[in-house]
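Please read them with the coordinates open.

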Amino acid sequence: TGSSRPQRMLKAVQKNATKGDPQSVISAIDHYCRHKEWAMNVGDDKGLILDSVLTEVNPSTALELGTYCGYSTVRIARLLSPGSKLFTVEFNPAFAEVARQIIAYAGLQDKVTLVEGSSGDLIPKMKEQFGIKYFDFVFLDHWKDRYVPDTKLLEDCGLLKKGSVLLADNVICPGAPEYLKYVRNSPRYESRYYKSNLEYTKVEDGLEKSVFLG
Ligand SMILES: CCCNc1ncnc2c1ncn2[C@@H]1O[C@H](/C=C/CNC(=O)c2cc(-c3ccc(F)cc3)cc(O)c2O)[C@H](C)[C@H]1O
Ligand SMILES: [Mg+2]
């Protein structure tokens, strides 16, 4: 059987990026997805917003839900301060395997722990299994109908503290209407929408940043 889209994306990284250079990995993926095959990475437009929010929060412990090929994993991990960690959750083994290789190619494997499995199963185990107290930053980019249940799970597991920041991709396209209602109507969050474009297109999309108030 032929290669998959993620495998072709990995090939493009190995061909066009410089080992150990995260920015070149990001550029290689963006170029491939813009000119060869579209893929559902957060992309370069929304990626700049992700970069600026991440830099502002400067998390010690970050969580990503939905690794896919590891594009946003590399974007986040490359900006972490020394000693800070990113946990990323992916339940599809084939995607996890490609992501591991892309993260390693960028030289960021020491900052990233890729946990294979479903967020619903793994979130309740984070404290005991990885000795995590809180997540200062959470990037939500998995199935859009799972944003609300997993946010509630993070709250119930005591993994958010006052000031923790949630950043959700695709709140317009494909859309996460229940999530927007949840964070915008809850007294426990201060929310703000960052308008942008759906990756590699002119279609509107955006990120919702929600600060947990405790
Ligand atoms: C029940 C398990 C939940 N827990 C889970 N636990 C662990 N891993 C999980 C869980 N749920 C999902 N995953 C993994 O995360 C990834 C899933 C990512 C999903 N992303 C989109 O669907 C999307 C679509 C478009 C789009 C826009 C316009 C179009 F025309 C077409 C597509 C754009 C975008 O930026 C998008 O992020 C990965 C594929 C999948 O294996
Ligand atoms: Mg997305």
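**Notes on the predicted model**

1. Y68 has a relative accessible area of 13% and is therefore buried, the limit being under 20%. The model is a predicted one. Y68 is located in the loop that runs between β1 and α4. Its phi is positive, about 55 degrees, although Y68 is not a glycine.

2. T67 belongs to the loop between β1 (61-65) and α4 (71-77). With a relative accessibility of 2%, T67 is classed as buried. Its side chain forms a polar contact of 2.6 Å with the side chain of T88.

3. N58 is another non-glycine residue with a positive phi, in this case near 45 degrees. N58 lies in the loop between α3 (43-57) and β1. Its relative accessibility of 41% makes N58 partly exposed.

4. D141 and D169 are both buried.

5. Ligand 1 sits in the largest pocket. Two elements, β2 (85-90) and α9, each give two or more residues to the shell around ligand 1. That shell has 23 residues, and the closest are E90, S119, D141, N170 and E199.

6. An N or O atom in the side chain of E199 is 2.5 Å from an oxygen atom of ligand 1. For S119, an N or O atom of the side chain is 2.9 Å from a nitrogen atom of the ligand. D169 places a polar side-chain atom 3.2 Å from an oxygen atom of ligand 1. On its own, ligand 1 has 840 Å² of accessible area, and the protein covers 82% of this.

7. The peptide bond between C173 and P174 is cis, with omega about 5 degrees. P174 is part of helix α9, and α9 is one of the elements that give two or more residues to the shell around ligand 1.

How values were computed
Residues are numbered from 1 along each chain as its sequence is written. Chains are lettered from A and ligands numbered from 1 in the order in which they are written. This is a predicted model: local features need pLDDT of at least 70, side-chain atom pairs count only at pLDDT 80 or more; totals for chains, interfaces and linings use all residues. Side-chain values use heavy atoms; hydrogens and water are left out. Buried means under 20% relative accessible area, exposed over 50%, partly exposed in between (1.4 Å probe, protein chains only). A residue is near a molecule or strand if one of its heavy atoms lies within 4 Å of it. A polar contact is a pair of N or O atoms within 3.5 Å; within protein, one must be able to donate a hydrogen and the other to accept it, and residues adjacent in sequence count only if both atoms are side-chain atoms. Accessible areas come from the Shrake-Rupley method with a 1.4 Å probe; for residues, only the protein chains shown count as cover. On a 1 Å grid over the protein atoms alone, a cavity is a set of points where a 1.4 Å probe fits but cannot get out, and a pocket is an open set with protein on both sides within 12 Å along at least five of seven lines; lining residues have an atom within 4 Å of a point. A molecule sits in a cavity or pocket if more than half of its atoms lie within 2 Å of its grid points. Helices (H or I, at least four residues) and strands (E, at least two) are DSSP runs, numbered from the N terminus.
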